[in-house]
Each structure stands twice: as structure tokens, then as C-alpha cells.
Amino acid sequence: MRDAEGRVTSQVRRTLLPGGLRVVTEQMAGVRSASVGVWIAVGSRDEEGALHGASHFLEHLLFKGTRERSAMDISVALDEVGGEFNAFTAKEYTCFHARVLDTDMELAVDVIGDMVTNSLITDEDVEAEREVILDEIAMHDDDPDDVVHNLFALQAWGDSPLGRPIAGSVESIEAMTREQVVDFYEAHYRPATMVVTVAGNVDHDAVVSATAAAFDRNGFLECTGTPVVPTITDVADPVVPGSRAVTRALEQVNLVLGVRGLTRNDPRRFVLGVLNTVLGGGTSSRLFQEVREKRGLAYSVYSFASHHDVAGLVGVGVACLPAKVDDTLAVVRAELARLARDGISPEELARGKGQLRGGLVLGMEDSAARMSRLGKAELVYDGLMSIDEVIEAIDAVTVEQVNALAAELFTQPEVLATVGP
């Protein structure tokens with residue numbers, strides 16, 4: 001990648017190791033950090049029946065110790081070099097990530113490689129972490145924003161892996177056994193399902209060498225396998241229209257109103273990005289101006305688009321006082337209907353494009369963001385687009401495309417979730 005004056009600012013390279021393990025790096029000029037990510041192609045949507053929450057449970061357990069390091073050793077290894085270290089589980093993937101000085105890249109790769117290939121998962125650790133996860137579920141249940149979005153997904157996709165909370169339920173976590181977690185670990189944590197991504201001041205060959213050493217414990221790479229690739233479709237699964245409500249003794253009512261959206265690799269995703277920005281992506285957006293600035297109905301209002309390989313949602317989130325719920329919903333519905341009927345203006349198109357371009361470029365100045373982009377490109381997207389290619393795709397969006405998509409999306413039956421008094 002080059003800057004406006006033609007200077008090389010980054011370079012992306014990819015190597016395939018035995019067993020199907022992929023290593024992708026991006027060398028960035030002018031930084032002294034290295035961001036390391038290990039991405040596994042398994043998430044909550046891969047869990048059936050009694051395994052609800054297994055991906056997230058396993059994510060916690062891999063921090064508890066390996067044959068070479070105790071849980072304290074794992075924590076100390078990155079803390080003593082000033083590194084940042086964490087993990088997260090999503091619906092379609094799990095990621096373990098660290099950000100360190102460039103000189104500590106090999107250490108970060110070794111620690112994470114040890115965790116994901118060499119963990120013990122003892123009975124004692126399962127029982128201890130079970131209680132931690134139950135506390136985490138309770139914490140999310142105390143957050144009305146989390147509750148309303150989970151309720152929205154449940155109404156849209158029903159009691160299915162995609163419609164359930166990522167952390168699992170109290171019932172599923174209490175019932176899950178060590179044997180079930182270990183079986184899930186062995187089934188899904190394989191070289192072919194993993195991608196190692198590193199961005200920053202790094203040398204690709206050095207990263208490949210460090211990865212091969214870190215992941216070859218116990219013969220982990222001594223297998224044959226073809227890398228797991230994402231499902232590519234531009235037809236989103238249907239959603240179930242309707243409404244769900246949870247009564248809570250809160251000061252506000254949290255609302256999410258939406259419709260079926262686009263899949264992650266739908267070619268119109270850049271059109272939707274502009275549309276979403278115009279609708280509720282900032283203080284100049286239609287929703288912010290109509291709901292908050294002009295009418296004072298709510299402090300917080302925004303729109304969002306969530307994408308998966310075969311499903312997607314587009315929605316609006318609002319938190320308002322109970323007495324203002326009816327008026328707020330009426331204004332939001334009116335704005336969606338106006339978008340579907342009249343579309344957007346050329347001025348809104350230009351503003352939406354500028355907001356997307358600026359957010360993209362500013363976000364990519366961080367090595368962690370670059371690392372994340374590499375991982376998602378390998379696991380869930382249909383290839384890695386350069387920053388310039390993404391900007392070109394945004395710039396190519398027309399008023400006619402946005403208006404056609406708005407008319408298609410916002411004339412569909414709605415999904416509504418509410419949490420509050």
C-alpha cells in the first residue's frame with residue numbers, strides 16, 4: 001500500500017503452513033508496535049443444543065493454563081513487557097489477541113500459540129470458570145442495551161444458534177460438562193480453522209518462523225487439512241417479524257426496531273454503509289436530528305447494520321422515557337418510511353461517503369485494527385480489499401443505489417424489541 005506521494009506504507013503477505021494454518025502479516029511503516037491475533041473459525045452459531053455457550057466457555061478456559069505455563073505465567077508473560085492481552089467470542093469466530101512492542105512479537109505469538117494448542121482444561125478450572133461465566137451472564141442481564149439487542153436477535157432468528165446470546169444461558173452453562181467442552185475444543189481448534197494475523201513493525205518471515213515454532217507443540221501441525229473458507233452468498237435468510245418485550249424496573253425504555261438486512265459479502269454492503277450513515281451514523285444523521293435535536297425525545301439514538309454469512313439485520317436503537325415511547329416509535333417509523341419513499345439527497349450522499357472514508361482511514365492507523373482486518377478477511381470475507389479499493393467502492397455508490405436499497409429494506413415487515421417499565 002502506498003500513500004498519496006507514492007511511498008510504501010504497508011505490505012501484506014500470506015503463508016500457508018502444514019495442516020492448513022494460515023499466517024498473514026501487514027508490515028506498517030512508522031510504528032513500533034506489533035498486534036498479534038489468532039482467529040478460530042468457530043463461534044456461537046456453531047453450537048447446537050446443549051453446547052450453547054461452548055465457544056465462549058472455551059475462550060475463558062484457555063487462559064487457565066497449559067502444559068508449559070500456569071494461568072499466572074500466562075498473565076505475567078505479557079504484563080512484564082507492557083503488553084495488552086485479551087480475547088473475545090463472536091457469533092462466527094473466536095479471537096485471542098495481544099499488542100506488544102515490536103521486539104516482543106515472538107513472545108506474544110508463543111504465548112497465544114501455547115494457549116490454543118496446549119491447554120489443560122482441568123475439572124477444577126471448568127468449575128471455577130463456570131461461576132465466572134454465570135456472573136458475566138448476570139452482568140449482561142443487568143444491562144438493558146445488551147438485553148434488548150439479544151431480544152431483537154431472538155425475535156428475528158428464533159431459538160437458533162444465531163438467535164441466542166453468545167455467552168450461553170444459565171441453564172446451558174450450569175449443565176455443560178468438561179467432556180463436552182474438551183470434545184468441542186478438539187473438533188474446532190485445528191490448523192485448518194485457524195488464522196494467525198500480525199500487523200505492525202514486523203518481518204513476515206520472522207512471524208512465520210515464530211508461528212511454526214509456537215504451534216507445533218505436541219505435533220499440532222502434523223496433519224493434513226484445507227483451510228476453512230467463508231460461505232459466500234448475497235441472499236440473506238428471512239427473519240421472523242413481530243415484537244418481544246421484557247419488563248424491567250428502569251428509568252428508560254430501550255427499543256430496537258429493524259428489518260432483514262444484507263449478508264456480509266453482499267456487493268451492496270457499501271451502499272448500505274452510506275445508507276446507515278445517513279440514517280443514524282452521527283450528529284448530522286436524520287435520526288439524531290429528528291429524534292433528539294428537533295423533538296428532544298431521546299438522548300441516545302443510532303442505526304446499525306449487522307452482517308453474517310447468510311443473514312443480516314438493519315435496525316435503529318433508542319433509549320427514551322416511558323412517556324415518550326409512542327412518539328419516538330412514530331418518528332422513527334416515519335423516517336424509515338420517508339427514506340423508502342423519497343430516498344436521500346446528493347448532499348446526504350456526499351456527507352455519508354465522507355464520514356465512511358474518514359472513519360476507515362483514521363481507524364486503520366492503529367496496528368490492532370489492521371490485524372483485525374486481516375483476520376476477518378481470511379475467515380469471513382471473500383478476500384482482502386486494500387484501503388484504496390474500499391474507498392473506491394464507497395466513492396462508487398450513487399444516490400440511485402442508496403434509494404433503491406432503502407426502498408427494498410424499509411418496506412419489509414418489522415422486528416421490534418423493548419426493555420423497560
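These legends describe close-up views of a predicted model.

**View 1. Helices α1 and α7 cross at roughly 90°.** Helix α1 covers residues 54-61 and helix α7 covers residues 178-188. Their axes come within 10 Å. Angles of 65 to 115 degrees count as roughly perpendicular, and α1 and α7 are therefore roughly perpendicular to each other.

**View 2. Residues of α1 meet residues of α7.** On the α1 side, the contact is made by Ala54, Ser55, Phe57, Leu58 and Leu61. On the α7 side, Val181, Phe184 and Tyr185 take part. Sorted by class, seven residues in this contact are nonpolar, one is polar and none is charged.

**View 3. Strand β10 is largely enclosed by the rest of the structure.** The strand spans residues 312-320, and nine of its nine residues are buried, so the rest of the structure largely encloses β10. In a regular strand, side chains alternate between the two faces of the sheet. In β10, Gly312, Val314, Val316, Val318 and Cys320 point one way. Leu313, Gly315, Gly317 and Ala319 point the other way. The residues of both sets are all buried.

**View 4. Strands β8 and β10 run antiparallel.** Strand β8 consists of residues 253-260 and is joined to β10 by eight bridges. Opposite Val316 of β10 stands Leu257.

**View 5. Strands β9 and β10 form a hairpin.** Four residues lie between the two strands. Strand β9, residues 298-307, runs antiparallel to β10, and nine bridges join the pair. Opposite Val318 of β10 stands Val301.

Note on methods. Residues are numbered from 1 along each chain as its sequence is written. This is a predicted model: local features need pLDDT of at least 70, side-chain atom pairs count only at pLDDT 80 or more; totals for chains, interfaces and linings use all residues. Side-chain values use heavy atoms; hydrogens and water are left out. Axes are lines fitted to C-alpha atoms, for helices over the stretch in contact, and angles run from 0 to 180 degrees between N-to-C directions. Angles under 35 degrees count as roughly parallel, over 145 as roughly antiparallel, 65 to 115 as roughly perpendicular and the rest as oblique. Contact means heavy atoms within 4.5 Å. Ala, Val, Leu, Ile, Met, Phe, Trp, Tyr, Cys and Pro count as nonpolar, Asp, Glu, Lys and Arg as charged, and the others, Gly among them, as polar. Buried means under 20% relative accessible area, exposed over 50%, partly exposed in between (1.4 Å probe, protein chains only). Two strands pair if DSSP finds at least two bridges between them.
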